[in-house]
Every structure is written in C-alpha cells, then in structure tokens.
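I opened my notebook to look up a few things in this chain. Here are my entries, in the order I made them.

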Amino acid sequence: MDNNRSTEQEKICANSESDADSSDSEQEGMEEEMKENIEKWKEALKTNPKDLEAYNNLIEAYRASGEVEELRSTRLQMKKAFPLSPATWNEWIEDEKALASSPEEKESICHLYTASLKDYFSVDLWTNYLSFVAMFLPDQMKSVSEDGIKACATDCAESIRVWAVILDWSMKSQSQDETESYFKRMFSYPSQFLDEAYKQYEQWHEQIQTPCDPALIPIIDASKEEYKKRDILESELEASLEVDHITTAFRHFSEYVDFEVNEFKRAKENGTNRAVSLFERFSFEFRTLADFWHNYFLHVLDYVKVPAVALSVSNRALRNVNYAGPLYCDRIAALELGGKPIETVAPVYEAAYQTVLSSYYDYLQVFLAALASYRRRAENKEKSAIPILDEYCSHCVDWLRNINREWYDGIYVLQKAVIVVLVTQLNKEELARRMWEGILKFEKHNYSFWHDYIQFDRLYCQSRETRTLFRRAAGVVKEGVEYLMAEWEEFERDSGSLETVMECERRLRHLRQTQQAQSAQSAQPAQPAQVAGNDMESVARSEDGSGTGNGRKRSEETGKQMEGNEKRAKVESSTERKRRMKEKKENPEVQKRTVFLNNISFNATEEQIREYFGKFGTITEVTIVCNNHGKPRGFAYVEFSKEEEAKASVEEDGRVFLGRKLEVKLSVPQEERKVEKKESNVNHEDIAATIYVSGLPMGVSEYEFSVFFSKCGKVKASRVIRDKVTKIGKGTGLLQFESPECVQEALKMDGEAWRDSKIHVVKSKFAVH
C-alpha cells in the first residue's frame, strides 16, 4: 500500500516537473519570437522611417517587456516622424509618471506635457497637466493655469473641465479674492454649463459664509446670450463629427469660423479672436485636410499678424499633410515673414520635389513661390541672395521638366518667371533672350509666344529689339496674324519713325489683300493641288524678294494638304475610339471582364500595364484615361478576355506598381452605377424633414437661416444655394429639421416677411446634402 502511494507521488512530481519544463520552453519560445519581431520592426523603420504600424508594434513590445530606455528612444523617434495623437501622448506621459520620483523627473513630466500640447489641442491633456502641476509642482500652478485658460476658455463644450481643476486648486490654496476673480473670468466666457458653474459658486460662498456678488448676474446673462448665438453652430459641427462625416463637418466648421470672424470685426478693438481657438480646438479632427491648415495660415496672416504663429502653423501643417502644394507655399512665406535665413527655403521646395503632390500645378506653385521669395530677398539686399537666386534659376525649370516633360504650359509659365528675374535681378539679358529663342524654336508659329516675348522686351529691355521681333514674327506666325499686325501698328504709331510706320502699313495692306483673295477663292469650286500657303510667309517673301518657283510651291502645298488629311484621319480615329469606349461602358458583359486601376503612375504606358497584368490572362484592351490636353489622369481600364481573369487580377489591389500603391477593383456597369448612386443618395427620412425656402434676404448666412426657422423645431442642417463662381446666395435654400413633424410648423411661415423680403416655404424634394 505504502509502495503504491510512493509510486503515485513520484509520478505526480515527475508530471509537475514536466509541466514546468514545458512552461519554461513555451516562455523561451515566446521571448525568442518577440526578439525576432522587434528586429523585423526595426528593419522596417530603417527602410521606411515613417512606418506608423512598426512604431506602434515596437512600443507595445517594449511596454510588455519593460525595456524603458528602448521605449523612450522609440517614442522620441516617432515624435520626430509624426505629430502624435492626444491618446498617444497620454499613454506616454502616464508611463513616465509611474517611473517619476525625484523633483527633476517630475519636472521632465511638465516638459512632456508642454511638448504634447504643441501638436494638437486637447482638453484631456490640459486637465491632466493642470492636475499634475497642482499636486506635485504647486509653485508653477498659477502660470500654467493662465496658459490653460488662454487655450481652453473659449471651448463652449469642454472648458468647464479645465475651470474645475483651476477652481479646486484656488479654493484650497489661494485667497478668496483670487478665487472670486477666477469665477468672474469663467462666467465671462460663453458656455453651456454656466448654470452648473453658478451653483458651484453659490456653494463656495456658503462654505466661506459670504454673500454672492450680484454684479455677476449681468455678466452671466450676457455670456448665455453669446452661447445662444453659437448653439446651433456647435450642435451641427458636433453632430457631423459624431457620424464621421468629415466633409459636412468641415463645412459647418468653416461657417463657424466665418461667424467668429464677423463677431471679431464687429467688436473691433474690444473683441476676442475666438476663431484661432476654433482652429486649435479642431486641429486633431481636421488634421488630414489641407484646406483646414491653409485656411488657418491665411487667418493668422489676416488677423493675428504674428510671424511666430505663422511659422508654427505652417510647420504643423506640413507635419500632418505633406501632399498639398499650397502648404509648401505657406511655409516659404512664413519663413520670409519670420525673418528666417535664406538657406531655410531650399529644404522646403526640395521636400516638395521629392514628394508626390496632388497635381503638377502644385509643383509649379511651389517653384514659383520659392522664386518669388528669393527675388524679394534679393531686392532687400539679403546676404547671399543673389548667388542663391542665380543657382535656383539655373535648375528649377529642369526640376519641373523632370516631373512631367510634356507639361508644356506649366514649364512655360515657370520659364517666363525665370526670364524676368534674370533681367531684373541678375542682369543676364543675353541669357534671358537665349531662353526666349529656345522657346520660339518650337513655338514660332504661335502668336501668343511672340506676344509674350515682345511684351517682355518692352517692359524690361527698353524696347531694344521690339521692332525686330515684330518683323520676325510677321514672317512665321500662322494663327493670330491680325492681332500681331494690330499690335505692331499700335507700337509704330506710338514710337516709330515715318519709314517704320509706312513699312508696317504696307505689310498690313498686303495681308488684307491676301485674305480677300483667299476669301474669293474659297467661294469658287476647289481645284486639285490649290491649297493656300501661309499668309505671312507670302508677305515676307514679297517684301524680301525671295519668292520660290511654282514647282516648289505646289510641292509644299501638296505636302500641307496631305498633312491636313492625316490630321483629319486622326480626328476620325479619335472619334471612333470614343464611340467604341461609350459602347463598352454600356455593355454589362464587357464591364464584367474589365478592371479599374487607380493611382497609377502618370508615366505608365500601355505596354507596361499589359506586361504587369498579362500574367492573369489575355488582355483585350488597355485604356489610359487622359484629360483634354492628352495628359494621363492617373487611372486606367484593363479589359480581359474572360470574367475569371479580371476577378483574379483584383489580388493586385494594394501592391506597388511603378512606385505607387495600386487600387484595383472590378468595373461596375454604367446602369448599375446609376442605380447604386441613386439608391445611395436617397434618404427618404431626411427629405421628409426638409423644406425648400425661396425669397431669402440678400446676404443671409446658413447660421441666420437656421436661427430664423429654429422656432419651428430643432434644425439639423441648412444650406443657402449660392452661385458657383461668386459664392453669393441666390435667394433660395434647403433646411432640414430633426423631425418631419417640424415641417408642418415651418409651412405655416409661408408668406412671412423677413427683412425686406417675403419668403415662400414648401416641402423639399431633395435632402440638404
């Protein structure tokens, strides 16, 4: 019996040791796997220093393993690469709080809070910051409180949380007069929590056994009225953000900003610019919108007028959105306004050059902004401006040409700007003329280029070559000859001699005779090989006495006629192609075996696309979609011979092709798209709660529109119909209530007078958005 019991005990011990060994081996395996993952994520960051997922994985791994120094280093590296979200900052600071014990370490927590508030506004961060300082660094609380009030006091929805921390600290450690002063300041700001705040004020006076100050009542009433003005704007904006409708939310935000700007203008010197607080308050929600940051920068320039703020906003803008050309232009302007050295401009346009911007036009605007900044600095005699400007002029056109060699219009705009700078700032007229000659080598038949060259000569070169340019242009221009001759005639009349005036009139007379002869000839039946030559070439030959023989003339005319036939054939081919494409779009069978490619490189060719997708099957046709100027728009259609092949090719979605991440999806037949769009856009509940109003007063805003009808019920959204160009209201609008029942009340307002107008209210057939 004892032997059996001993044997069982030995088995149990053996099993326990086996389980322990198994647990240890599993732990070791997990640690080894974690080390391998950490090395993998480190390598990913070496390849791409802005790999957000790799940063998050590393931070999570270091937090789990307790490697404090590695965790701090990774977070600092991430902070340089990205602006961190308030949640990320809170997590970082809470981790550091758990480790901080000495006064120096607690001081470093304050530095972290200060750094966190430079990225985005956050009431959470401010509340935690103030609580930490009140508890551990009370000597600094007064100054930090002032910063918190300045940042958060205008937040109608959340500022009460910041005030609560400040008042709690003040009631415990400050004098009654100072606490009374904080209450008075809190009541002077519009807020939805004024009644609750006044109850706290009364309770405090009961504790200290003193009467409340009756002078605060008018102040509170005035703040309540100010909040009522903003109530609808606040609710519309918050509602849009709750449903994550960023476009609608930004429209409501812009209306809110316009309202605050108008209030600031109305108040003049005594007003508070609450628009800046609005921009800061919603900087995290709209962090990825280029328009948000650009509008913020423009507002700072117009109303704040502090270069340091402009520098801060422009820097934060590019940290959040690096694909928008206007933000690079804003940064260049901010550097100049802030008095930064001229050497700080180059890194901005170099970063833009190395980034994929939204359009070619954005690159052009950045290069023009840099050129203008360098020019102004040269005019102001800034040190090293001239050699830097000279170096920039010699390269910027090539940079734009490298981005898109076939974008002739944009390259020409930049060339003209460089040419002007060469003459006005660098005294290089000869080089400027060589650039003009290089342009005209390819555009000699186009009047507009000659016109620009002539204007340049007259404006910047004292008209030294103007007459020569008119003579040269008259011999080669094919279109716009009448404008050229009229311009030449005006020039000679203003500044020419008798001989030059007579020469111009003789050429103009000859041109008119030639045109009359051509008109008469066109009225007769066409004869073989009788194609009119270039008007101004014949004028030039008659003046110079260099006419050609009939045989040569006929051969040139025949060549031109053949060239015209080729062009007509191309036009017919293009028309046929469009017709065929339209038929394919309307054919469901074709669309089922067609895939849509988005975000392809602008330099991608049909052959490259065929080669890349040919592995999935037989490709019938590749269509790269171009704009009206023949430039690719960045997307294409690939038609396969079978539906299965098209479905298989969708697996390329998200993969990199020619340096860009592809978006690949099956094409949807046109009729199905129409049905889907129609069904997705119709929301019958929204339409039932919407009214259409005509006869609105001139200049009425969405806010005033909503307030006027708010007596019928809570307004959910409103829109004044505006002219697309002037943005002026057309006197009509759509307004949506929270409930369809409110519509009946609104219909009773039909025929009411509003200002100098009589409004008409009917049920709408459409929703506001």
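First, a term I need: buried means under 20% relative accessible area, exposed means over 50%, and partly exposed is in between, with a 1.4 Å probe and protein chains only. I noted that this is a predicted model, where local features need pLDDT of at least 70, side-chain atom pairs count only at pLDDT 80 or more, and totals for chains, interfaces and linings use all residues. Residues are numbered from 1 along each chain as its sequence is written, and side-chain values use heavy atoms, with hydrogens and water left out.

Entry: Ser-463. I found Ser-463 partly exposed, at a relative accessible area of 27%. I placed Ser-463 in the loop between helix H23 (447-460) and helix H24 (466-476); helices are DSSP runs of H or I with at least four residues, and strands are runs of E with at least two, numbered from the N terminus. The phi of Ser-463 is positive, near 60°, and Ser-463 is not a glycine. I wrote a reminder beside that: most residues other than glycine have a negative phi.

Entry: Lys-381. Lys-381 lies in the loop between helix H18 (360-379) and helix H19 (385-393). Lys-381 is exposed, with a relative accessible area of 72%.

Entry: whole chain. I got 35 helices and 12 strands. Of the 769 residues in the chain, 39% are buried.
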